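Thanks for coming, everyone. Here is the model for today. Take a look, then we walk through it.

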Amino acid sequence: MDFASSQVYGNYKILSKLGQGSYSHVYLAELLNTNLRYALKVQKQKKNKEKMKRSNQIFENEIAFYNRIKHHPFLIKYIESFECHGTSKWYSPFCIVFEYKEGCDAHKKMTNPEEEIPEQLGLTWFTQAALGLAHVHSNGCMHRDIKPANIIIAGGSIGGIARLCDFGSTKEDNQGAENTINAGTQRYFPPEKLFTKGDLPFLKS
Ligand SMILES: Nc1ncnc2c1ncn2[C@@H]1O[C@H](COP(=O)(O)OP(=O)(O)O)[C@@H](O)[C@H]1O
Ligand SMILES: [Mg+2]
């Protein structure tokens, strides 16, 4: 297990794990002395200085994004962020707190054999994610890593609402095609990026 259930970051006590990405573990956490629950994104410790530096840039970029962009119903709701000192001499992880709604990311929904997603619901989620992205673009930003694992399906009672998350790769520009180089997840690159002149496409997961 990569966490102790009694672990505390700042004022948040870890209850269970919700997911993880390349740079973070995301936990269900409770604000101390309350029964309020949040999703807590905790920076992973990377093995070397260079990777840690890159990870710090990504977290600083994500926090700057939430502080700049007004909330929108189809974006994950930011609460606060802090650096957690004292975890170890070399590791003071960035932590980002989000509103928690029961649910999971769209990739987990799509690959769960026990869950069939009706076409109409899939289209609704797609539309919601697109509207969230339009809000990001209208604020002069590009997300640069749109994929099902970065779309949270929040709340289940009426099928859930799609909310974009993971704004660590955002760029303050919504036009320059050169800004999409060296960003994103290869499996989800658009065809025009894969099929550049004379190149054969190749995929890494
Ligand atoms: N609010 C949330 N509710 C449930 N799961 C979440 C939430 N936020 C993130 N996750 C899970 O954690 C994973 C990693 O979060 P993400 O912000 O994409 O981190 P990374 O930057 O490391 O990719 C997501 O793919 C998802 O599975
Ligand atoms: Mg992610």
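Domain bounds here come from an automatic or database domain assignment. With those bounds, the shell around ligand 1 draws at least three residues from each of domain 1 (3–99) and domain 2 (103–203).

Some ground rules. This is a predicted model: local features need pLDDT of at least 70, side-chain atom pairs count only at pLDDT 80 or more, and totals for chains, interfaces and linings use all residues. Residues are numbered from 1 along each chain as its sequence is written, and chains are lettered from A and ligands numbered from 1 in the order written.

Back to the ligand. How many residues surround ligand 1? There are 22, and the closest are G19, G21, V26, A39 and D166. A residue counts if its C-beta atom, placed from the backbone, lies within 6 Å of the molecule. β2 (12–20), β3 (24–31), β4 (37–43) and β7 (103–105) each give two or more residues to this shell. Strands are DSSP E runs of at least two residues, numbered from the N terminus.

Next, K41. This lysine sits in strand β4. Is K41 buried or exposed? K41 is buried, because 28 other C-beta atoms lie within 10 Å; the cut-off for buried is 20 or more. Its contacts beyond four places in sequence are S24, V26, C95, I96 and F98. Contact means C-beta atoms, placed from the backbone, within 7 Å.

Last, the sheet. It is open, with 6 strands in the order β1-β2-β3-β4-β6-β5 and antiparallel pairing. Pairing takes at least two DSSP bridges between strands. The edge strands are β1 (8–9) and β5 (78–83).

Definitions and conventions. Helix = DSSP H or I, 4+ residues; strand = E, 2+ residues; numbered from the N terminus. Buried ≥ 20, exposed ≤ 12 C-beta atoms within 10 Å, placed from the backbone. Contact = placed C-beta atoms within 7 Å.
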